[in-house]
Amino acid sequence: MGKRGGRHGCAANAGATRWFLRLLPPLLILCGGCYEYVTPAGFSGAPLFSAAPLVAAPFFSLRSTLLAGLGSIVTILLVHFRYTQRVGTDTITEMATVTTVCLIACFINRLVRRGNEQLDSARRIAQAAQFAVLPEPADRIGGLAIAARYEAAQAGAFIGGDLYAVQDTPYGVRIVVGDVRGKGMGAVSAVAVVIGAFREAAEQEGSLEAVALRLERALAREGTRRDGIDDFEGFTTAVLAEIPHGTGTVRVLNRGHPEPILLLGDGTVRMIHPEEAALPLGMAELGAWPDRATEAEFPPAATLLLYTDGLSEARDEQGVFYDPAARLSGRIFPGPEELLAALAAEVRGHTGGGATDDMALLALRRPSLSAEPPDNN
């Protein structure tokens, strides 16, 4: 409840800031009018009047900016009629100053609006590219309930190097979750290569070991085509998993990636440790050895959680890492979507909203015995 309250507190602060910004231009005009009204002739509130359209320019529409300038000029005229029924030189000078500043504010408003439109367009393109490369998996694949979540470290960002894919194949449901070195379009290119190679290999290869080899070759080809490791993201940590149809097991092959977590129906948490440590994909030039998958029980009502290091390496203000296994121990969630939502919220609370790395989460739940359909395979 404390973490939820913290998020609500941030939302409340943001709302208060927006209201303050909305009220600031009329408050400046009011303060300028009061200042000129209570002071003798010759004292000018022009700085306050000029500030009103300048404050409105970057935050509000052109119409609001013009209204702030017009309100300032009208207030100047009204206050000056306190001293005389005619418009003197001082009044004309003050009005000219505010008018000039208002015109500059309108120009600033147009520049800001144009920049915001270009930024929105770039974000839409980035989002489309991300969704094209990394589509959301179906809610149910091969009898398993599926949930996926991508949390970008930078607010409003969509492109990153984390990846996931789930595919139903003749050999069972196969999964890949990985993290490409680097950011931006180079990382997205590597993500596209890995996911494309995985989808093809998952259908054709009879073992996870063979799928991993295909991914290795695909990254090597792309690195050669792009003239080496510096021009293309050089390596990818990844974990491959396979859940054969009609069995209560899962096979996991880990290539230098955070270890998957198995959450049993009673709240017990188990880490799926690799039998042998292995280098990430794309580093075959440093050594070669046969891959070896680890097999673990995957009973009914259990959930398999795969994630990137944006989860396990999230730090609080004291530099303490978020430990997903310890945090999840003893807890039971209604479904995989609720599990991922809870993890994302807790990481935001743990880091204070200051995460430094993207985070990809993927959860797969086997139905309980009462909900599991009969096996037709």
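Over how many bridges do strand E4 and strand E5 pair?

1. Eight bridges, and the pairing is antiparallel: E4 covers residues 172-180 and E5 covers residues 236-243. One spot to look at is Asp179, which sits opposite Thr237 in E5. Keep in mind that you're looking at a predicted model.

2. On to charged pairs: the model has 13 salt bridges. One of them joins Glu209 to Arg251, with 3.4 Å between the closest N and O atoms. This pair connects distant parts of the chain, since Glu209 belongs to helix H6 (residues 208-225) and Arg251 to strand E6 (residues 249-255), 42 residues apart. Arg251 counts as buried, with a relative accessibility of 19%, because the cut-off for buried is under 20%.

3. Another salt bridge pairs Arg292 with Glu276, again with closest N and O atoms 3.4 Å apart. Both residues lie in the loop between strand E8 (269-271) and E9, so the pair ties together parts 16 residues apart in sequence. Glu276 is partly exposed, at 39% relative accessibility.

4. Finally, have a look at the salt-bridge network that links Arg149, Glu151, Glu337 and Arg348. Within it, Glu151 and Arg149 bring their closest N and O atoms to 2.8 Å. Arg149 is partly exposed, its relative accessible area being 23%.

Technical notes: Residues are numbered from 1 along each chain as its sequence is written. This is a predicted model: local features need pLDDT of at least 70, side-chain atom pairs count only at pLDDT 80 or more; totals for chains, interfaces and linings use all residues. Side-chain values use heavy atoms; hydrogens and water are left out. Two strands pair if DSSP finds at least two bridges between them. Helices (H or I, at least four residues) and strands (E, at least two) are DSSP runs, numbered from the N terminus. A salt bridge is a side-chain nitrogen of Lys or Arg within 4 Å of a carboxyl oxygen of Asp or Glu. Buried means under 20% relative accessible area, exposed over 50%, partly exposed in between (1.4 Å probe, protein chains only).
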